[in-house]
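Please look through the structure below before reading on. The report that follows takes up the contact between the chains and then turns to some of the elements within them.

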Amino acid sequence: MKKILKTPIKTEDIENLKIGDIVYLTGLLVTCRDTGHKRRVLSGVVPKTDLKGGAVFHAGPIVKKLDNGKWEMVSIGPTTSMRMEKFEKEFMEVTGAKLVIGKGGMGEKTTKAAKEDKFVHAVFPGGNAVVAATQVEEILDVEWGDLGMPEAFWVMRVKEFGPLIISIDTKGNNLFENNKKEFNKKKIEELEKLYPKLEFMKY
Amino acid sequence: MTLNQDFVKKVVAFIDIVAKVLPDDVVKRLEELRQNEKTEIAKEIYSCMFDNIEKAKELNRPICQDTGVIQFYLKVGTKFPLIDELEPLLKESVLIATNSVPLRHNAVETFKEKNTNNNVGLHVPYIEYDLIPNSDKLELTVYMAGGGCSLPGRATVLMPSAGYHGAVDFVANTMVDWGINACPPLVIGVGFGTCVASSAKLAKKASLRAVGSSNPDPQVAQLEKDLAKTLDNIGIGPQGLSGSSSVMCVNIENMARHPSAFGVGVSFGCWAHRRGTIVFDKDLNTEILTHKGYEI
């Protein structure tokens, strides 16, 4: 059965999630990338959308304005989360959001903050922009439009948005860091097996 | 309609197909890799990928929001009637396709650091020519080079004493350190040359060869298989979240090298490997080689 998180997300909804768990999101989701993080954290400008218990997506969408003045989500996919590492801890602290969604892992600072402040990071599989767009029911608002289409703060209502794979949990675990250790170990073992097949040099 | 207009119209239509439909060889390999996965995470990601492939067709939308920098690789006959006008015609095609597909705006002028907002800029779209003597045909390969899979590409020149061991170390290290965020399972193109430029160019050429094809030299073809197995056993899996395989293929292109230099390059393609090849004859009749059942 699908595990669905609903906004506003409470600490008890996520504190038992483990890295590798698969969840879906129903409710409010906002996009925020490099410049948005910087603006919220450094300038202290507060968007009118309340992010307490909310979910943030590292993504720059392609949106289309319809004749009735509403926006349509054409394409939306995750961008590399590591770019937001510098500001994520502070961003989550000031907004009170509980779920960060992106691509790839995040670093030590965010992992520590996720444990202390109780939030999780999850991966939406990259390159699946049409699936993601069709899970957006409605674009409710756009704030910070002055930052341009990819960087603006798009406020969306989503239904069973996912799959979202938990990559940082509230216990201090980081899936990508664990995997990296494992990959490096296997890499050395596998290369050793390959070397005897590479005797092309004559001497 | 003039020959020029006809050509532009057909190139635009082909860019549209390449943005929205993966080539047959890629889909076939993804289906095979999907069957081998055992964990819930890997299976779920493959389901999402195939759902996305179908929805992109159904809703007529680009498979991935990053439609890349448009790159053209041409095998052009010296007697192809439009040989003198190819560059302006290909640029025009990209301008039109940017609005009609639509494509994301992905050309940023360097130093000015300004997005041109139309996918055309200095040497963009990127065009590479191979001349085919005494032919009146054009074989055009379109590739959408996304940011995620362009990022990990590397080339280096090793001491010959490091040789083939050094080369496979270089490929494996690059994949583990940088390839994980490039949306695996990956297409891996490896080039063996002399300098950085020749090795990188061969690596790119290798990454554009069909998945499942082999280098004509049996020794090299064997290394393609062996290296693919090595990389698969590292177990990067879809999206770097671990799994039974890491790559869709390892393709190698090689050339003779200077005795004192051992160049190696590696070029990556993501799972949404948007590559297409179309052949034009002198009257601009077309045949699409990569997407069966598609005509323009």
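## Where the chains meet

The contact takes 36 residues from chain A and 43 residues from chain B, where two residues are in contact if their C-beta atoms, placed from the backbone, lie within 7 Å. On the side of chain A that touches chain B, at least two residues each come from strand 5 (71-75), helix 5 (129-134), strand 9 (153-168) and helix 6 (175-194) of chain A; helices (H or I, at least four residues) and strands (E, at least two) are DSSP runs, numbered from the N terminus. Helix 6 of chain A gives the largest share of that side, nine residues. By kind, the residues of this side of chain A are 20 nonpolar, 11 polar and five charged, with Ala, Val, Leu, Ile, Met, Phe, Trp, Tyr, Cys and Pro counted as nonpolar, Asp, Glu, Lys and Arg as charged, and the others, Gly among them, as polar.

## How the model is to be read

This is a predicted model, in which local features need pLDDT of at least 70 and side-chain atom pairs count only at pLDDT 80 or more, while totals for chains, interfaces and linings use all residues. Residues are numbered from 1 along each chain as its sequence is written, and chains are lettered from A and ligands numbered from 1 in the order in which they are written. Chain B averages a pLDDT of 96, and 100% of its residues score at least 70; pLDDT is the predictor's confidence in each residue, from 0 to 100.

## A sheet in chain B

In chain B, four strands form an open sheet in the order 6-9-7-8, with mixed pairing; two strands pair if DSSP finds at least two bridges between them. Strand 6 (154-158) and strand 8 (247-254) of chain B each have a single partner strand, so one side of each is left without a neighbour in the sheet. Strand 7 (residues 186-193) and strand 8 of chain B run parallel and are joined by seven bridges, and B:V190 has B:I252 in strand 8 as its bridge partner.

## Helix 6 of chain B

Helix 6 (residues 163-178) of chain B has 16 residues, and its buried residues include B:Y164, B:V168 and B:M175, a residue being buried if 20 or more other C-beta atoms, placed from the backbone, lie within 10 Å of its own. These buried residues of helix 6 of chain B pack against helix 6 of chain A, together with strand 6, strand 7, helix 8 and strand 9 (262-269) of chain B.

Technical notes: Expected span 1.5 Å × (residues − 1). Buried ≥ 20, exposed ≤ 12 C-beta atoms within 10 Å, placed from the backbone.
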